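Me: I've just opened this one and would like to learn how to read it. Can you walk me through a few features?

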Amino acid sequence: MKHIDIKVTGKVQGVSFRAVTKMVADQMGVRGMIRNESDGSVFIEAEGDEVSLDVFLEWCHDGPDRAVVELVTVSPGTVKNYQNFEVIKR
């Protein structure tokens, strides 16, 4: 089990990024959470096996159809043992 923190910047709010990311994570067996940030980016905490996280991260570089991803930054994190993947609404 591995944990990564992901920040995605670009046109990623108002384009169903969080909802579609949840669907993709659920299909891949990735657990964690996603939320919008006040700077217009989205922040993701993702947990899973290395292969699933690699594929999930690759998807984050594209995002849903209406998104325009400019930058994806990744950093390692501490495993929090998420039970599912949830969208955090602020």
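Reply: Let's begin with a pair of helices: helix 1 and helix 2 cross in a right-handed way. A crossing is right-handed if the near helix is turned clockwise from the far one by less than a right angle, and left-handed if anticlockwise. Helices here are DSSP runs of H or I with at least four residues, strands are runs of E with at least two, and both are numbered from the N terminus. One caution: this is a predicted model, where local features need pLDDT of at least 70, side-chain atom pairs count only at pLDDT 80 or more, and totals for chains, interfaces and linings use all residues. Residues are numbered from 1 along each chain as its sequence is written, and side-chain values use heavy atoms, leaving out hydrogens and water.

Me: At what angle do helix 1 and helix 2 pack, and how far apart are their axes?

Reply: An axis is a line fitted to C-alpha atoms, for helices over the stretch in contact, and the angle runs from 0 to 180 degrees between N-to-C directions. Here helix 1 (residues 17-28) and helix 2 (residues 50-60) pack at about 155 degrees, with axes 10 Å apart. That makes the two helices roughly antiparallel (over 145 degrees; under 35 is roughly parallel, 65 to 115 roughly perpendicular, the rest oblique).

Me: Which residues make the contact?

Reply: Contact means heavy atoms within 4.5 Å. Helix 1 brings Phe17, Val20, Thr21, Val24, Ala25 and Met28, and helix 2 brings Ser52, Val55, Phe56, Trp59 and Cys60. Sorted by type, the residues of this contact are nine nonpolar, two polar and no charged. For that sorting, Ala, Val, Leu, Ile, Met, Phe, Trp, Tyr, Cys and Pro are nonpolar, Asp, Glu, Lys and Arg are charged, and the others, Gly among them, are polar.

Me: How do I read aromatic pairs, and how many are there?

Reply: You describe a pair of aromatic rings by the distance of the centres and the angle of the planes. Rings of Phe, Tyr and Trp (its six-membered ring) pair if their centres lie within 6.5 Å; planes under 30 degrees apart are stacked, over 60 edge-to-face, the rest tilted. By this rule there are two aromatic pairs. Phe17 and Trp59 have ring centres 5.8 Å apart and planes at 50 degrees, so they make a tilted pair. Phe17 sits in helix 1 and Trp59 in helix 2, so the pair ties together parts 42 residues apart in sequence. The other pair, Phe56 and Phe85, is edge-to-face, at 6.1 Å centre to centre and 65 degrees between the planes. Phe56 is in helix 2 and Phe85 in strand 5 (residues 85-88), 29 residues apart.

Me: Is Phe56 buried or exposed?

Reply: Buried means under 20% relative accessible area, exposed over 50%, and partly exposed in between (1.4 Å probe, protein chains only). Phe56 has 0% relative accessibility, so that residue is buried. Phe85 is buried too, at 1%.

Me: What does Glu45 touch?

Reply: Glu45 lies in strand 3 (residues 42-48) and is buried at 8% relative accessible area. Not counting residues up to four places away in sequence, Glu45 touches His3, Ile4, Asp5, Arg31, Gly32, Met33, Lys80, Tyr82 and Phe85.
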